[in-house]
Amino acid sequence: MNKVKWLILIWTILLMACNNRKDSIILIDLRTEHMNVPIGIDTQEPRFSWKIDADAPVEIQSAYRIFVDTDSTEVANGKGAFWEVQHESDSALITYRGKPLQPYTKYFWGAQVTSSDGQKSKIALSSFETGMMKTSNWQGKWITDVQDVNLKPAPYFRKEFKPQKKVEKARAYITAAGLYELYINGERIGDHWLDPVYTRFDRRNLYVTHDVTKEFQQEEVAIGVLLGNGWYNHQSTAVWNFHEAGWRARPRFCLNIRVVYADGSTEVISTDKSWKTTLSPVVFNSIYTAEHYDARLELPGWSQVGYDESEWKTALETVPPSGLITAQAMPPITGEKMAFAAMDKRSDRQYIFDLGRNISGVTELRIKGEKDTRIKVTHAEQLDSAGNLDMSNIIVHYRPKDTLDPFQTDIYTLKGEAEEVFRPRFNYKGFQYVEVSGNKPIDLSLENINAYFMYSDVKPVGRIHTSNALINKIWEATNASYLSNLFGYPTDCPQREKNGWTGDAHINIETGLYNFDAITVYEKWMDDHRDEQQENGVLPSIIPTWGGWGYDWGNGPDWTSTIAIIPWELYQFYGDDRALRKMYDPLKKYVDYITSISYDGGLTDWGLGDWVPVKSVTPKELTSSIYYYVDATILAKAAKHFGKEKDHQEYSRLAGNIKNAINKKYLNAQTGIYAEGFQTALSAPLYWGVVPDSLKQKVADNLAEEVRKAGNRIDVGLLGTRTILGALSQNGYADLAFSLASRDTYPSWGWWIKNGATTLFENWDIDASSDLSRNHIMFGAISAWFYKGLGGILIDEESPGFKNFFLRPNFVKDLNHFEAEYQSRFGMIFSGWERKDNHIAYHCKVPSNSTAVLYLKGKNIRLNDQAVVQTDEEGYKINLTAGSYRFSIEE
């Protein structure tokens with residue numbers, strides 16, 4: 001090729017690059033209601049969001065266009081018959097304001113953005129599909145088999161159907177009080193486990209939508225449903241008395257399958273007394289204890305076409321559990337398959353398996369044996385000194401009435417044919433060790449058993465990695481405990497209780513949101529809060545509950561501040577105020593109730609206090625009053641955000657009065673000591689903004705001295721774990737905070753890890769006689785501190801959703817390498833460093849359409865070999881736009 005042709009080729013490439021520049025912005029991760037292409041949503045105002053691809057960074061988006069239509073071609077061409085809007089705005093979270101959405105309809109939406117330098121993206125497309133939209137759209141009846149709550153075998157239901165024409169689309173909408181599995185033509189539909197998730201059944205029922213178009217291409221279709229008890233018909237007995245729930249009844253369900261034919265006509269298959277029912281081989285199931293299955297009772301082909309149902313009974317039409325059915329708009333509960341690490345064969349009738357880690361979930365057993373062989377599969381977190389399963393730490397609240405329902409013990413009776421497979425459907429457990437025993441000899445190996453780690457399938461959005469292996473393991477253990485306690489609502493532990501303890505949840509909300517995309521689970525849980533709140537504003541300590549337990553013990557502002565803290569944190573992390581808006585009136589009612597029982601100008605002793613402390617007990621009145629202050633402060637901020645000026649002034653005054661009352665009683669202004677000067681008593685006022693500005697450093701100095709007096713060891717309970725590390729690192733004591741976080745002697749997080757923990761414990765003392773679950777999220781706030789106190793990735797309250805954020809990394813001396821990644825709503829935020837000798841190489845990333853303010857301390861700071869001028873008295877303050885930055889710092 002001669003020189004002229006080379007020049008022409010190069011010129012052509014340059015022209016193409018210039019011509020394509022206007023389309024170089026790429027939109028990714030389009031979400032509807034914070035989900036990817038959801039089907040079966042109910043809201044008339046879905047939220048749309050997007051990100052700008054990091055490979056084509058954009059400093060600031062200057063405008064957006066949105067198009068919504070039922071025709072994808074129209075949207076791709078920049079048209080929207082249902083909604084078309086254009087705004088000069090940098091927002092990437094937009095609420096639909098178009099024509100009323102219709103049920104059962106697929107909508108396409110497109111987004112196009114313009115950057116501040118004039119670049120335009122192509123139109124990026126996504127879709128969503130509406131579901132029932134309102135309860136009155138449901139057809140048919142709720143059905144069950146009998147009304148006997150004590151009947152133990154789970155019921156089967158079936159019905160056959162012949163499509164009259166070619167089927168273009170079919171959707172199954174199913175709600176249940178209890179749990180269900182749906183089958184069509186012998187195949188289980190979907191990969192969800194434990195659907196629908198738990199709610200207050202007499203207030204709200206959730207439904208799930210399945211795309212069953214493929215299954216309805218057959219000439220004949222058989223539909224089958226298996227029902228489980230779940231929390232609805234609690235047949236096991238424990239201290240929380242769920243067996244006395246006013247809603248308790250035999251499980252029931254309502255199913256609508258909407259078939260759309262090729263000619264546009266529709267037909268709905270719904271539940272009624274034309275359905276048939278019989279009992280299944282699931283002879284017992286309890287969400288709390290276990291599941292029993294008798295393979296000898298299997299009914300081959302029960303959900304297939306042509307099955308002989310002549311001996312089945314007619315289904316019983318029954319009353320709905322509540323008057324409200326809404327979509328289950330969140331990630332499903334799923335199971336992650338895992339192999340066991342070791343097997344101990346005790347005899348040909350007893351085997352003990354070690355998974356090597358603690359999880360929530362179930363086991364799957366593949367086994368051969370004689371007919372009538374009875375297999376017990378028992379799950380525990382620990383072994384005794386003889387190597388046998390020890391359930392003493394998790395069985396303390398179980399109150400069995402007989403020996404037929406052993407705790408965490410599945411029972412399987414073999415039919416005696418080829419290899420049989422058993423995995424529970426309607427239960428989960430907390431365990432590391434599994435004993436498999438039989439009343440006859442059995443032959444097992446590691447190949448015969450697997451575990452499934454079960455949790456709400458929230459996607460990871462954060463990562464921590466450091467040069468300290470112990471810190472890495474603490475972060476991993478915290479994530480494992482967090483997921484082990486997320487089943488459509490946050491729980492405390494997956495074995496002993498499975499309850500939605502409010503205190504555990506708000507203490508660990510930042511841990512959850514820095515690590516996982518969990519907004520939809522928490523939005524659902526806020527619905528549960530509204531369902532549980534009494535007229536006077538009181539909330540129970542566990543949510544959901546059954547109307548009896550939790551209203552008279554365990555609640556109070558130190559626990560039930562979930563009603564304020566969680567919607568506020570969702571707003572801060574996502575820039576989405578929907579939960580905060582929906583919770584505004586309930587929060588106001590709640591704060592007003594505390595005010596009605598408060599005294600001495602703003603004090604309250606309603607609550608549990610600093611639960612399970614190491615040693616020192618901070619006054620409950622102090623911590624409860626601090627959370628009363630937090631609630632009033634959040635309410636005042638929410639009022640300002642929503643333009644409710646009168647409320648803003650009223651609750652700002654209230655917050656000020658509470659703060660003054662706390663300081664009047666508990667703060668010694670001369671010494672800077674709160675109460676008796678315990679770690680929680682000092683760190684909580686610091687962390688939550690109760691300390692007067694003029695005394696903050698004095699109180700922080702006292703806190704540091706109190707930690708040193710304890711030998712650089714923590715002496716806090718649940719409430720103090722949220723505040724101790726942050727109160728130190730925010731006030732000049734990051735190295736001391738890190739020494740607490742990285743300690744491996746008692747009491748510490750590392751002490752658990754050193755003693756073999758793969759999840760967090762419920763008690764600092766690993767030999768405690770009570771409160772010793774080995775998979776508790778309670779003390780998990782340390783994980784959020786890794787992002788905040790080390791990485792310095794901090795929210796800017798004035799610009800929520802990390803639209804603008806702060807970077808205040810702490811280069812602690814005992815850590816040579818650190819990385820924190822957080823996938824914000826705008827993209828990846830990174831903060832990390834490497835230490836060599838007395839030099840720090842600091843690297844940070846700011847995603848497109850975001851800004852950050854970086855605060856650094858040190859000497860001779862350089863950015864890309866260019867000196868950075870000090871602009872702040874305490875160090876360097878650097879404004880950053882989208883991009884990747886590398887700094888060198890002398891310590």
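This is a predicted model: local features need pLDDT of at least 70, side-chain atom pairs count only at pLDDT 80 or more; totals for chains, interfaces and linings use all residues.
Me: Why is strand E13 (187–188) called an edge strand?
Reply: Six strands form an open sheet in the order E13-E12-E15-E10-E18-E21, with antiparallel pairing. The edge strands are E13 (187–188) and E21 (313–314), and each of them pairs on one side only.

Me: How do you know that E30 pairs with strand E20 (residues 291–294)?
Reply: Three bridges join E20 to E30, and the two strands run parallel; since the rule asks for at least two bridges, they count as a pair. One of the positions involved is Asp-294, whose bridge partner in E30 is Thr-413.

Me: Which sense does the pairing of E30 with strand E27 (residues 374–380) have, parallel or antiparallel?
Reply: E27 and E30 pair in the antiparallel sense, over five bridges. Here the bridge partner of Thr-378 is Thr-409 in E30.

Me: Why is strand E30 (residues 409–413) called mostly covered?
Reply: Five of its five residues are buried, and because buried means under 20% relative accessible area, each of these residues falls below that cut-off. Thr-409, Ile-411 and Thr-413 point one way from E30, while Asp-410 and Tyr-412 point the other way, and all are buried.

Me: What makes the contact between Arg-250 and Asp-145 a salt bridge?
Reply: Their side chains come to 2.9 Å, N to O, and because the rule asks for a side-chain nitrogen of Lys or Arg within 4 Å of a carboxyl oxygen of Asp or Glu, the pair qualifies as a salt bridge. The pair links distant parts of the chain, with Arg-250 in the loop between strand E15 (221–228) and strand E16 (252–261), and Asp-145 in the loop between strand E9 (142–144) and strand E10 (155–161), 105 residues apart.

Me: Why are Arg-250 and Asp-145 called buried?
Reply: Arg-250 has a relative accessible area of 1% and Asp-145 has 11% relative accessibility; since the limit for buried is under 20%, Arg-250 counts as buried, and so does Asp-145.

Me: Why is Asp-344 described as partly exposed?
Reply: Asp-344 has 33% relative accessibility, and because partly exposed lies between the buried limit of under 20% and the exposed limit of over 50%, Asp-344 belongs in that middle class. Arg-346, at 30%, also counts as partly exposed, and the side chains of Asp-344 and Arg-346 meet in a salt bridge (2.6 Å, N to O).

Me: How do you know that Lys-524 and Asp-528 form a salt bridge, and where do they lie?
Reply: The N to O value is 2.6 Å, and since the cut-off is within 4 Å, the two side chains meet in a salt bridge. Both residues lie in helix H6 (residues 519–532), four residues apart, which is about one turn of the helix. An α-helix has 3.6 residues a turn, so residues three or four places apart point the same way. Lys-524 counts as buried at 6% relative accessibility, and Asp-528 is buried at 1%.

Me: How many salt bridges does the rule give?
Reply: The count comes to 48 salt bridges.

Me: Why is helix H18 (residues 782–790) called mostly covered?
Reply: Nine of its nine residues are buried, among them Trp-785, Phe-786 and Tyr-787. After H18 comes Gly-792, whose phi is positive, near 70°.

Me: What makes Leu-880 stand out in the largest nonpolar core?
Reply: This core has 227 residues, and Leu-880 is one of those with the most contacts inside it. The largest share of the core, 12 residues, comes from helix H11 (residues 620–641). Leaving aside neighbours within four places in sequence, Leu-880 is in contact with residues including Leu-807, Cys-844, Val-846 and Phe-887.

Me: How many disulfides are there, and is Cys-493 buried or exposed?
Reply: The count comes to zero disulfides. Cys-493 has a relative accessible area of 0% and is therefore buried, and Cys-254, at 2%, is buried as well.

Terms used
Residues are numbered from 1 along each chain as its sequence is written. Side-chain values use heavy atoms; hydrogens and water are left out. Buried means under 20% relative accessible area, exposed over 50%, partly exposed in between (1.4 Å probe, protein chains only). A nonpolar core is a set of buried Ala, Val, Leu, Ile, Met, Phe, Trp, Tyr and Cys residues joined through side-chain atoms within 4.5 Å. Contact means heavy atoms within 4.5 Å. A disulfide is a pair of cysteine sulfur atoms within 2.5 Å.
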